[in-house]
Structures are given as C-alpha cells and as structure tokens.
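Here are some notes to read alongside the model, written for someone meeting it for the first time.

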Amino acid sequence: MLEVPTVPTMPSTSLTPQPPAEAVAPLMRGLDVLRSLTAAADGDGTLALADLARVTGLARSTVDRICATLAHLGLVRLDGRDAALAPPLMSVANACLDALRVPGLLGPLADELADELDESVSLAVPDGTDIRFVHQVLRRRALSISFRVGDALPMAGCAPGLVFRDDLPLAVDDQLVEPGLVAVAVPVRGPDGSAVCALSVVSHTSRHAAGELAGAVRGPLEACVRSMESVLDTSSYASGLCPGPPASIAGGADLGRAPIVSLARGLTVLTVFNAAHPALTLTEIAEATGLARATARRALITYDHLGYVTREDHTYRLTPRVLALGCAPLSRTTLPRIAAPHIAALSERLGESVGLSVPDGAAVRCTARVTPRRVMSVDIGVGSRLPAADTAAGRLLRDGGELAVADGPEAGLRSVAVPVRDRAGRVVSALDVTAHQGRGDDAAWAAELTGAAERIAADLHVTSRFVTVPVH
Ligand code: PHB
C-alpha cells in the first residue's frame with residue numbers, strides 16, 4: 001500500500017496566547033473553520049471536509065458538526081464531500097463594513113475618482129500587521145487586479161500598508177505585490193487627524209511607471225482626499241450614533257436546534273453592529289441578539305481574544321479582521337454562481353430544465369442551466385443565444401412584467417420565466433423552466449419559479465450590499 005505523507009499543520013490557535021477560561025471553545029473552532037474556508041487556496045471559499053479537518057487540526061467528526069451547524073444557519077453549503085461559504089455569511093462582512101463607516105461614506109467618492117482617472121481605486125484600513133481592503137473599484141478587465149473587498153496584504157508589502165506603518169503622506173508600490181502592478185496610496189484623515197483609511201490608485205507598468213504614476217494622478221487624488229476628509233468632518237463619523245434597528249444573523253433559523261448551539265448563538269453577536277450602532281455595550285448586544293447576558297459576554301470575550309472585536313470602556317466594536325470570515329471569496333462571486341444551487345434544487349424538484357438568462361442585444365443569452373438527464377432533454381447550453389421572442393426568458397427581459405410564457409424555443413417546447421431583481425429592484429436576469437409541451441402546469445411552474453427567484457435575489461442582495469456582483 002502507498003504511504004501518503006501528511007503535512008502536519010499546527011492548529012492556528014496555537015499561535016495566539018492561551019484563550020481566557022471563559023472563551024467559548026466551540027465558537028473558536030467554528031471561527032477557525034470559517035477562516036480556513038475563506039483562506040482556501042482556490043479563493044472560492046470551498047474545501048473538502050477532509051481538507052478542512054487537516055488545515056484546522058480538528059477531528060473530522062468535529063468539522064462535520066461545525067459545518068452542520070453553519071449549514072443550519074445558512075452560512076455554509078454542504079455539497080457532497082465539500083463545504084462552501086454561502087452568500088448569507090456576507091451579512092457578517094456587511095455588519096463590519098457598515099459599522100466601519102468608511103465604505104459607505106467614502107466609497108462613492110472613490111468610484112468617481114476611478115471614473116475620472118480610468119484606473120482601479122481602492123480603500124484599505126489597517127488590521128494588525130496587515131491592511132485590509134474595504135472598497136474596490138476595478139478597471140481594465142484585461143489586466144484585472146485580483147484583490148477584492150476583504151482581502152488582506154502585509155503592511156510592508158503594499159502602498160497602503162506603508163502609509164500606515166510609516167505614517168507617510170504618500171507611498172508608492174513599485175511591483176511589491178506583483179510584477180507589473182504599481183500603486184500610489186495616500187492617507188485619508190479623520191476629524192482627529194489620524195489616518196482612517198488609505199486611498200490607492202492602482203495601475204500597470206504598461207500605462208505608468210511607478211515613479212511617474214504619483215505625478216500623473218496627484219491632482220485628482222488630492223482633490224478626492226479633500227472631499228473625503230470633508231465628508232468625515234461633516235458626517236457623524238466621529239460621534240457616530242443614530243437610531244436604527246440592529247438586525248441579527250439568525251434570520252429565522254432556530255438557534256436552539258443547531259447541532260452546536262453555543263456556536264450558533266455566538267455568531268449572532270457579530271451581526272448586530274451597523275452604521276447606526278458601530279459601538280455597543282454588553283447590555284445592548286444581549287438585547288439585540290436575545291441572548292442571555294452571560295452568553296453574550298462569553299462570546300465577546302472569545303471575539304476579543306481572537307481580535308475580532310475591541311473593547312474600549314464599556315463598548316465593543318468590530319475590527320476589520322471580521323472580514324476574514326468569508327468576505328473576499330463571497331465578494332468574488334457572480335450571479336450565475338449565486339444562482340447555481342437554487343437552479344439545481346428547482347430542476348431536481350420539477351424534474352425539468354431550469355436556467356438563467358440575460359439580455360444580449362435583441363437576443364437572450366443563457367448564463368446558467370441545469371437539465372435533468374432523460375431520453376429527450378432540452379439542449380440549451382450556457383453561453384447559447386436565442387432570439388428574445390422565442391423564449392419566455394427573452395420576452396420577460398424584453399417586455400418586463402412578473403411572468404412570461406412562450407411556446408419555444410423550438411416546436412414542442414414550452415417555457416415559463418420570472419424576473420430576478422437586484423437591490424434597486426431592477427430586473428437583472430430571467431429564471432425559466434423549459435420543457436416539452438404538456439408536461440407541466442404553467443401556474444405551478446410560475447409559483448415554483450417565483451419562490452426560487454426570491455431566494456436567488458435574497459442571496460444577491462446580501463452579497464451586493466458593498467460589492468459589485470457581475471450578472472454574468
Ligand atoms: C489594490 O489592489 O487595490 C492595491 C494593490 C496594491 C497596492 C495598493 C492597492 O499597493
């Protein structure tokens with residue numbers, strides 16, 4: 001038999017000091033699983049359960065129970081032998097990004113700067129010995145930069161890091177991160193004079209040499225910083241609080257029925273922070289989560305120990321490290337990928353072909369489809385284009401409305417489609433069932449499609465609150 005050598009991996013918790021006695025061990029292990037999925041090599045937030053056990057150093061049975069708990073909460077999807085981060089986990093990152101205030105207040109100005117310069121622009125905040133991106137405006141797809149909201153870089157290895165580490169008025173990254181990548185970063189200061197975030201313009205040596213980039217972008221960059229600083233001065237940034245209902249991660253999931261109740265309860269603490277409540281007391285957190293005070297307190301002790309919250313006087317704040325819990329892989333996704341598990345589930349339920357489409361000129365283009373295997377099956381591949389008039393999806397995207405039906409795309413076929421809407425209520429795709437005529441009932445299909453479209457839209461909305469999700 002072949003001996004397969006295993007590389008011993010240290011449990012990452014051994015790098016941090018001993019946890020306090022009151023820390024919640026199952027919560028620590030659950031966070032370790034989420035962090036490991038986020039850091040998974042492919043960057044898509046998926047790992048085999050066996051690999052998850054290996055990288056965390058946890059027993060396989062423990063990993064299974066943790067993942068069952070996370071799946072119960074809708075934060076992870078179990079797919080055969082794999083565990084994958086699921087869009088509802090983005091509510092944790094959203095709470096953090098909202099409570100940080102920077103992306104919401106300064107993101108629109110960063111977007112304008114990117115338009116003006118036609119270069120990528122980002123906002124980053126310090127996170128221990130790293131920086132973490134909290135806003136990204138990507139330009140130039142041919143040479144696209146792969147960092148996303150939630151990604152971290154070591155301070156010494158990038159322009160925003162040098163700004164924070166050495167308190168510089170301007171820092172240049174001359175291919176520190178990657179050959180060809182050049183960046184200029186400047187600090188954006190809050191009302192108290194401290195650097196709140198770094199604004200970077202990122203380019204490529206084919207367009208700008210590092211030494212020349214700063215000169216080329218200086219004017220618009222400085223004007224943008226001035227606008228950002230005046231937003232920070234005039235907004236409630238420093239003092240911060242206005243009323244608003246804190247939401248909770250549980251979203252109706254019954255915490256008491258989760259396989260590991262203390263993990264499920266502990267995670268709810270992260271999502272009660274928001275722009276209106278960036279700093280909360282223990283009492284407020286217990287009230288907003290519905291947890292017993294002692295339970296909330298032990299969760300906060302755990303988060304404090306691991307660097308996910310900071311405590312000042314009697315209030316707690318989330319740190320940018322919370323973005324290490326799923327944000328970057330989830331912010332790399334696309335609508336077809338978000339929709340895929342919902343399409344597969346509906347196709348299986350109906351036993352029919354279910355697909356997603358976008359408009360493409362006068363045609364409609366398929367972006368995702370699952371077709372059950374049978375002797376005669378619908379054959380529309382991802383990427384295929386059909387005249388809009390020939391399909392329900394095409395008619396829906398062309399004419400609007402809540403439902404469209406069509407006999408087609410070929411003789412003997414029938415299709416029914418409903419819209420999928422973005423956060424602003426705009427129709428961004430059509431979801432359809434396409435089958436041989438006479439096999440199903442339009443009204444029943446429409447009801448099933450509407451339910452699935454709502455679930456897809458809910459995942460899209462939570463994912464796209466602070467990041468742009470491509471529709472194809
Ligand atoms: C970015 O991707 O936004 C980025 C990369 C490297 C830097 C600065 C910004 O030095």
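1. Let us begin with a loop residue. Asp-313 is exposed, because its relative accessible area is 65% (buried means under 20% relative accessible area, exposed over 50% and partly exposed in between, with a 1.4 Å probe and protein chains only). Asp-313 lies in the loop between β11 (309-312) and β12 (315-318); helices (H or I, at least four residues) and strands (E, at least two) are DSSP runs, numbered from the N terminus. Although Asp-313 is not a glycine, its phi is positive, about 50 degrees.

2. A word on how to read the values. This is a predicted model, in which local features need pLDDT of at least 70 and side-chain atom pairs count only at pLDDT 80 or more, while totals for chains, interfaces and linings use all residues. Residues are numbered from 1 along each chain as its sequence is written, and side-chain values use heavy atoms, with hydrogens and water left out.

3. Asp-167 deserves a look as well. Its phi is near 50 degrees, a positive value in a residue other than glycine. Asp-167 sits in the loop between α6 (159-165) and β7 (171-174), and it counts as exposed because its relative accessible area is 53%. As background, most residues other than glycine have a negative phi, and most peptide bonds are trans.

4. The bond from Gly-408 to Pro-409 is cis, with omega near 10 degrees. Pro-409 belongs to the loop between β16 (404-407) and β17 (413-421).

5. Now to helix α12 (residues 335-350). Its 16 residues should span 22 Å at 1.5 Å a residue, and the C-alpha atoms at its ends are 22 Å apart, so the two agree (the expected span is 1.5 Å times one less than the number of residues). After α12 comes Gly-351, with a positive phi near 70 degrees.

6. Which residues of α12 are buried? They are Leu-335, Pro-336, Ile-338, Ala-339, His-342, Ile-343, Leu-346 and Ser-347. An α-helix has 3.6 residues a turn, so residues three or four places apart point the same way. The cover over the buried residues of α12 includes β13 (353-360), β14 (363-370), β18 (427-436) and α14 (442-463), with contact meaning heavy atoms within 4.5 Å.

7. Helix α5 (residues 102-117) also has a kink, of about 30 degrees, centred on Pro-108. Its 16 residues reach 21 Å from first C-alpha to last, close to the 22 Å expected at 1.5 Å a residue. Among the buried residues of α5 are Val-102, Leu-106, Leu-109, Leu-113 and Leu-117. Elements covering the buried residues of α5 include α4 (90-100), β5 (130-137), β8 (181-189) and α7 (210-234). Asp-118 follows α5, and its phi is positive, near 55 degrees.

8. β4 is also part of the cover over α5. Ser-122 is in strand β4 (residues 120-127). Is Ser-122 buried or exposed? It counts as buried, because its relative accessibility is 1%. Leaving aside neighbours within four places in sequence, its contacts include Phe-133, His-135, Ala-198 and Val-202.

9. Next, the helix pairs. Helix α1 (residues 25-38) packs against helix α2 (residues 49-56) at an angle of about 110 degrees, with the axes 10 Å apart. Axes are lines fitted to C-alpha atoms, for helices over the stretch in contact, and angles run from 0 to 180 degrees between N-to-C directions. The two are therefore roughly perpendicular (under 35 degrees counts as roughly parallel, over 145 as roughly antiparallel, 65 to 115 as roughly perpendicular and the rest as oblique). Asp-32, Val-33, Ser-36 and Leu-37 in α1 meet Leu-52, Val-55 and Thr-56 in α2.

10. α1 also packs against α3, at about 80 degrees with axes 10 Å apart, which makes α1 roughly perpendicular to α3. Here Arg-29, Gly-30, Val-33 and Leu-34 in α1 meet Thr-62, Ile-66, Cys-67 and Leu-70 in α3.

11. Helix α3 (residues 60-72) packs in turn with helix α8 (residues 261-268), at an angle of about 45 degrees and with axes 9 Å apart. α3 and α8 are therefore oblique to each other. Ile-66, Thr-69 and Leu-70 of α3 make the contact with Leu-263, Ala-264 and Leu-267 of α8.

Technical notes:
The bend at a residue is the angle between axes fitted to the seven residues ending there and the seven starting there.
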